[in-house]
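Trainee: Could you walk me through reading salt bridges in a model?
Mentor: Gladly, let's look together.

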Amino acid sequence: MKATGIVRRIDDLGRVVLPKEIRRSVGLREGDPMEIFVEGRKVILEKYCPLGQYAEQAREYVRSFQGVAQRHVFITDTEKVMASVLHTFSDTPLSDELMEAIRNKTDVENIPLQAGDTGAVAEYAAIIRDGSRDSLGEGIGAVVLVQGDSPVDEALKTQVKIAADFLGRLAKTD
């Protein structure tokens, strides 16, 4: 844990204000849900990821899909790849374009998958919404088909949309 030298008091309602510099450096925005952990006498705040509890199921889906479709598929949360058969991609940050698509709940084609110049292209990404794909829920991740040797057809896109809908229903938060 890195010390910041910043000390804040708890107000009479039990609130603590996180300084803007810290929120910005760790990617927190107004309205982001936070999960609270207690470890001994430490209170730890972590950005809540509704898909996090389904990481193992997401990895199994990726293995199954890749075996059937003969394509690399990734499942992401709002900031990073959370399930991939290719371990070099696990936990890598997403490109700004893909994070924006998730925030806007817009399926996208042919955009960079990751931050930086990795060359990986999301040929098609279906956004996972909190609840289901036809709900007004927030974008919480994406099911991403990585660019392959042949173009993505409508049947493959439909399969990816079904996976995104299923994961959204699993992760539904109230």
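Trainee: In which helix do Arg-63 and Glu-60 both lie, and how many residues apart are they?
Mentor: Both lie in helix H2, three residues apart, about one turn of the helix. Helices (H or I, at least four residues) and strands (E, at least two) are DSSP runs, numbered from the N terminus. This is a predicted model, where local features need pLDDT of at least 70, side-chain atom pairs count only at pLDDT 80 or more, and totals for chains, interfaces and linings use all residues. Residues are numbered from 1 along each chain as its sequence is written, and side-chain values use heavy atoms, with hydrogens and water left out.

Trainee: What joins Arg-63 with Glu-60?
Mentor: Side chains of opposite charge can pair when their charged atoms come close. Here Arg-63 forms a salt bridge with Glu-60, with the closest N and O atoms 3.3 Å apart; the term means a side-chain nitrogen of Lys or Arg within 4 Å of a carboxyl oxygen of Asp or Glu. Glu-56 and Arg-59 also meet in a salt bridge, at 3.1 Å from N to O.

Trainee: How many salt bridges does the count come to?
Mentor: Eight, by this rule.
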